[in-house]
Amino acid sequence: MNIKPLADRVLVLPTAAEEKVGGIIIPDTAKEKPLRGRIVAAGNGTKDEQMVLKEGDEVLYGKYAGTELELDGTKYLIMRQSDVLAIIG
């Protein structure tokens, strides 16, 4: 299935959380929600706000940003461009 975000929204594939820290395996319940990801798809922007993010950008976003969705067994976040804090790279 193919998703194309509308207006100023982007689809983000979160980076996997750390599995091990210093030899200690962290259970799923104690893992921090990742705050970093890769843009998989982006909308065209709005008449008031140009879309500056593009597919493939590595980004940082807020801890509670976006709405989680699962597509073909993969978890994504869909959020507004304004929820993205920075582009890495």
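Is arginine 80 buried, partly exposed or exposed, and what is its relative accessibility? In this predicted model, arginine 80 counts as partly exposed, because its relative accessibility is 37%, which lies between the limits of 20% and 50%. The surroundings of this residue are taken up below, after an outline of the chain.

The protein chain contains eight strands and zero helices. Its elements follow one another along the sequence as β-β-β-β-β-β-β-β. Of the 89 residues in the protein chain, 28% are buried. The accessible surface of the protein chain amounts to about 6,200 Å², and carbon and sulfur atoms account for 52% of this surface. Contacts between residues at least 6 apart in sequence were also examined; among these, 64% join residues at least 24 apart.

Six strands form an open sheet in the order E6-E7-E1-E4-E5-E8, and their pairing is antiparallel. Strands E6 and E8 (84-88) stand at the edges; each has a single partner strand, so one side of each is left without a neighbour in the sheet. From one strand to the next, the twist averages 40 degrees. In general, the strands of a sheet pair through backbone hydrogen bonds, in either a parallel or an antiparallel manner.

Within this sheet, E1 is joined to E7 by four bridges, and the two strands run antiparallel. Arginine 9 stands opposite arginine 80 of E7. On the pairing of E1 with E4, five bridges are found, again in the antiparallel sense. Here leucine 13 stands opposite arginine 38 in E4. E4 is in turn joined to E5 by three bridges, with the two strands running antiparallel. Glycine 37 has valine 59 in E5 as its bridge partner.

With a relative accessible area of 23%, leucine 13 is partly exposed; the value is not under 20%, so leucine 13 does not count as buried. Leaving aside residues up to four places away in sequence, leucine 13 touches Gly37, Arg38, Val40, Thr74, Lys75 and Tyr76. One of these residues, valine 40, lies 27 residues from leucine 13 along the chain, and the C-alpha atoms of the two are separated by 6.5 Å.

The largest nonpolar core consists of twelve residues: Val10, Val12, Ile39, Ala42, Met51, Leu53, Val59, Tyr61, Ala65, Leu77, Met79 and Val84. Two or more residues of this core come from each of E1, E4 (36-42), E5 (58-61) and E7. Valine 59, a member of the core, is also the bridge partner of glycine 37.

A search of the whole structure finds two salt bridges. In one of them, the side chains of arginine 80 and aspartate 8 meet at 2.9 Å, N to O. This pair links distant parts of the chain, with arginine 80 in strand E7 (residues 74-80) and aspartate 8 in the segment before strand E1 (9-14), 72 residues apart. Whereas arginine 80 is partly exposed at 37%, aspartate 8 is buried, with a relative accessible area of 7%. The other salt bridge is formed by aspartate 57 and lysine 54, whose closest N and O atoms are 3.2 Å apart. Aspartate 57 is buried, with a relative accessible area of 9%, whereas lysine 54 is exposed, with a relative accessible area of 52%.

Backbone angles were considered as well. Most residues other than glycine have a negative phi. Alanine 7, although not a glycine, has a positive phi of about 50 degrees. Alanine 7 is found in the segment before E1, which also holds aspartate 8. The relative accessible area of alanine 7 is 32%, so this residue is partly exposed. Aspartate 72, likewise not a glycine, has a positive phi of about 55 degrees. Aspartate 72 is located in the loop between strand E6 (67-71) and E7. Its relative accessible area of 62% is over 50%, and aspartate 72 is therefore exposed.

Notes:
Residues numbered from 1 in each chain as written. Predicted model: local features only at pLDDT ≥ 70, side-chain atom pairs only at ≥ 80, totals over all residues. Heavy atoms only, no water. Salt bridge = Lys/Arg side-chain N within 4 Å of Asp/Glu carboxyl O. Buried < 20%, exposed > 50% of the residue type's maximum accessible area, 1.4 Å probe, protein only. Contact = heavy atoms within 4.5 Å. Areas by Shrake-Rupley, 256 points an atom, 1.4 Å probe, with all protein chains shown as cover. Pairing = 2+ DSSP bridges. Axes fitted to C-alpha atoms, helices over the stretch in contact; angles between N-to-C directions. Core = buried A, V, L, I, M, F, W, Y, C linked by side-chain atoms within 4.5 Å.
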